[in-house]
Amino acid sequence: MKIYRSALLRFADDGTPLYDSDGLLAIAPDAQGQERVVAAGSWQALHAEYAAQANAHILHLPGKLLAPGFVDMHIHYPQTDVLGAPADGLLPWLEHYTFPHEARFHDRSYADGVAEFFLDELLRNGVTTSLTFATSHSASVDAIMAAAQARGMRMLAGKVLQDRHSPDGVRDHTEQGLIDTETLIQRWHGVDRLGYAITPRFAPTSTPEQLRGAGALAAKYPDVWVHSHVSENLDEIRWVRELYPEARSYLDVYQRFGLMRERAVYAHCIWLDDIDRALMRETQTAAAISPTSNLFLSSGYFDYLKADAAGFRYGLASDVGGGMSFSPFRTMQAAYVVGREQHSKQGLSLKPGHLWWQHTAGAAKALGLGGVIGNLQPGCEADMVVINPAYTPLLARKTAQAQTLDELLFAMIVLGDDRLIEQTIISQAK
Ligand SMILES: [Zn+2]
């Protein structure tokens, strides 16, 4: 049994942050050999029971904060090299930068190289699970799955379906794309800690036939994820209305094809209306909020108040390469700014603990993995980060002055980046 003695951050079931300045976290393998949290709380309350055991291996981390590994609900690993491309909005950005780059991923060795760099970068930033797009090539899925499996990571990924309005090199064939998807589900879903996501890029780049087939797979494999984009940008919404005039809204296109259910995740969800929001809740579909991407492509702002009023699930995402950073701290900063900007009239400002929850336990819950990842409560897989809250002179000064948990977390959110992450620890399996 491993016993960590450190400041400790975790979350109650209702999302309330729980903090012990002198905490104890006990970790041990379960019956299958996967490391899980056995106990978490104050050192004072737990050390007699756990730290005194003969087999306890104690790791003391003075001055550090142990926290759940971050969960990124929406990212594109093949766009690692598209990050920071200058373009005039979403559709030109796709045409000039993203599609030409993604065309290279038919080559397995090229995809392997990007996948390894991508996972290194996630871990350097403290991200232990992500739901990622691959490209339309099966080789791109094999590359990311094999790389994540070798590292023992919980990773969710899928081949992109896009059989129209896409250039040669990334466009797939309606039927073949669906056959490849099912082959990849059978090859990777549920293998070790890996999960598959049925991944239509977005409604405009799939024919109705392809979306219908994707919906049929989503019904046949109910514990597989569904991953796409919705309601990001007004030009995109106009385009969807021309292509699917029978649908009530952009979101309704996905509903009509059976692509809204638990474990379905849609990036952005900016321009939803109240009927859409109610549908999100009823179907237990989740939104991946991507604030740095929304600012970069000036798409608009996610409406937190209306999302909470409707009661649907959401969490944070980097959306690299439309997003500007792999760092959860940069994403939380941007979510705070977007929340303020969107809700300035109502005076809403997102609480630091809630921002952090959205990128850990809240994101896990939205993915249907609550109690599995994104938290350090007993039973959770032990994916975690060791944070050094004093890595710069300014952070050391600010965090030392923090009187409350909100002050401590907000100092790190506003001033933090990848350098805060001293170590990322992946739950080991036998
Ligand atoms: Zn995206």
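Predicted model: local features only at pLDDT ≥ 70, side-chain atom pairs only at ≥ 80, totals over all residues.
Residues are numbered from 1 along each chain as its sequence is written, and side-chain values use heavy atoms, leaving out hydrogens and water.

Select residues 174–188, helix H5, together with residues 208–220, helix H6, which pack at an angle of about 20° with their axes 9 Å apart; axes are lines fitted to C-alpha atoms over the stretch in contact, and angles run from 0 to 180 degrees between N-to-C directions. Next, display Thr 174, Gly 177, Leu 178, Thr 181 and Glu 182 of H5, which meet H6 residues including Gly 213, Ala 214 and Leu 217, where contact means heavy atoms within 4.5 Å.

Move on to the zinc ion and select His 74 (NE2), His 76 (NE2), His 229 (NE2) and Asp 319 (OD), its protein donors, which lie 2.1 to 2.3 Å from it; donors are N, O and S atoms within 2.8 Å of the metal (3.2 Å for Na, K and Ca), and water is not among the atoms, so sites may look incomplete. Along the chain these donors follow the spacing H-x1-H-x152-H-x89-D.

Finally, select residues 393–401, helix H15, and residues 405–415, helix H16, whose axes come within 8 Å and cross at roughly 160°, and which are therefore roughly antiparallel to each other.

Definitions and conventions: Helix = DSSP H or I, 4+ residues; strand = E, 2+ residues; numbered from the N terminus. Parallel < 35°, antiparallel > 145°, perpendicular 65-115°, else oblique.
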